[in-house]
Amino acid sequence: MPIPFSINEHSYLQTITSELLTDKKITLTIKRDDLLHPLISGNKWRKLKYNLVRMQQLGKSELLTFGGAFSNHIHACAAAGKEFNLTTHAIVRGPQLDLNNPTLKFAQQCGMQLHAVNRIEYKQRHDEAYLAALQTRFPNAYILPEGGTNEFAIEGCKELAQSLPEHDYLICPTGSGGTLAGLVEGSSNKINLLGIAVLKQADYLRDEIRALSPKAKSQNNWQLLTQFHGGGYARFTAELWQFCQHMQNQHQLPLEPIYSGKMMYALWQLINNDYFAPNSKIIAIHTGGLQGLEGLKYRKLV
């Protein structure tokens with residue numbers, strides 16, 4: 001049976017060349033998942049794909065999810081609603097909506113219905129009673145967790161891992177843990193997987209990843225590195241931002257400093273410090289999220 005919701009998933013593999021990589025005898029390729037679709041890109045599409053299939057299987061006609069005001073997930077779900085003619089809702093951490101915010105403005109332009117809640121209510125987003133009340137309020141809605149991570153999201157990320165050419169290391173930025181869990185599920189146990197945590201105090205994510213991936217429970221070929229958060233989620237240093245600009249100018253690799261930028265900056269440091277053996281083949285996943293640059297400009301952070 002064909003999947004009713006689809007986009008072209010054959011994203012570009014970009015090889016990076018530099019003196020550092022030559023000196024260290026490292027082959028580095030970027031899986032340009034940011035180029036999957038102009039608006040629904042990266043791991044957000046990978047996570048959405050089988051959730052949309054599940055939504056249809058359950059006979060639901062609307063999609064409801066959660067996110068902050070600058071959420072890449074909100075942006076992608078709104079775009080998917082427009083692309084596939086779906087009614088979409090977002091429970092947005094408020095308490096007020098700033099409709100000049102570029103992410104929220106885009107979501108509204110796509111037809112997404114935004115429901116602002118205060119931070120106390122937003123904290124209930126994983127609570128079963130709260131979710132049941134939302135289901136009663138929106139009976140036709142398929143409720144998707146914040147960030148899109150659940151068992152169906154894993155399937156899309158698993159497919160991504162299975163589509164890649166031969167490599168020794170696979171690396172991705174890690175927020176909720178879903179992408180890394182899916183990559184573990186789809187990879188041979190001979191592959192070394194690294195997740196770069198983008199938020200502070202992320203050690204708890206190891207248990208989240210094991211809960212999402214049966215293979216992660218039994219295999220030790222994956223690691224979550226928590227020392228490269230750059231100050232915490234949505235925080236970054238001047239050095240990181242300069243690195244992102246350098247990668248754009250030198251390698252035509254656009255990065256934002258929240259997810260893929262932190263991953264690439266961490267990877268560059270690891271390579272420089274001889275973390276990888278000579279002749280290692282590394283693939284890094286660009287998980288998209290470039291719409292976040294508009295939010296950073298709006299907040300005058302870049």
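Helix α2 (residues 42–57) packs against α3 at an angle of about 50°, and their axes are 10 Å apart. The model is predicted: local features need pLDDT of at least 70, side-chain atom pairs count only at pLDDT 80 or more, and totals for chains, interfaces and linings use all residues. Residues are numbered from 1 along each chain as its sequence is written, and side-chain values use heavy atoms, with hydrogens and water left out.

**Exercise 1.** Describe how α2 and α3 pack.

*Solution.* Two packed helices are described by the angle between their axes and the distance between the axes. Axes are lines fitted to C-alpha atoms, for helices over the stretch in contact, and angles run from 0 to 180 degrees between N-to-C directions. Angles under 35 degrees count as roughly parallel, over 145 as roughly antiparallel, 65 to 115 as roughly perpendicular and the rest as oblique. At about 50°, α2 and α3 are therefore oblique to each other. For residues, contact means heavy atoms within 4.5 Å. On the α2 side, K44, W45, L48 and L52 meet N72, H73, A76, C77, A80 and F84 of α3.

**Exercise 2.** Is S71 buried or exposed, and what surrounds S71?

*Solution.* S71 sits in the loop between β3 (62–67) and α3 (72–84). The unreviewed UniProt entry gives S71 as "active site". With a relative accessible area of 13%, S71 is buried. Leaving aside neighbours within four places in sequence, S71 contacts T103 and Q291. A polar atom of the S71 side chain lies 3.1 Å from the backbone nitrogen of H73.

**Exercise 3.** Which side chain makes a polar contact with the side chain of T149?

*Solution.* T149 is in the loop between β6 (141–143) and α7 (151–162) and counts as buried at 13% relative accessibility. The partner is the side chain of K47, at 3.0 Å. A polar contact is a pair of N or O atoms within 3.5 Å; within protein, one must be able to donate a hydrogen and the other to accept it, and residues adjacent in sequence count only if both atoms are side-chain atoms. Residues up to four places away in sequence aside, T149 touches K47, S176, G178 and L212.

How values were computed
UniProt positions are given in the numbering used here, feature names are shortened, and annotations may be inferred rather than shown by experiment. Helices (H or I, at least four residues) and strands (E, at least two) are DSSP runs, numbered from the N terminus. Buried means under 20% relative accessible area, exposed over 50%, partly exposed in between (1.4 Å probe, protein chains only).
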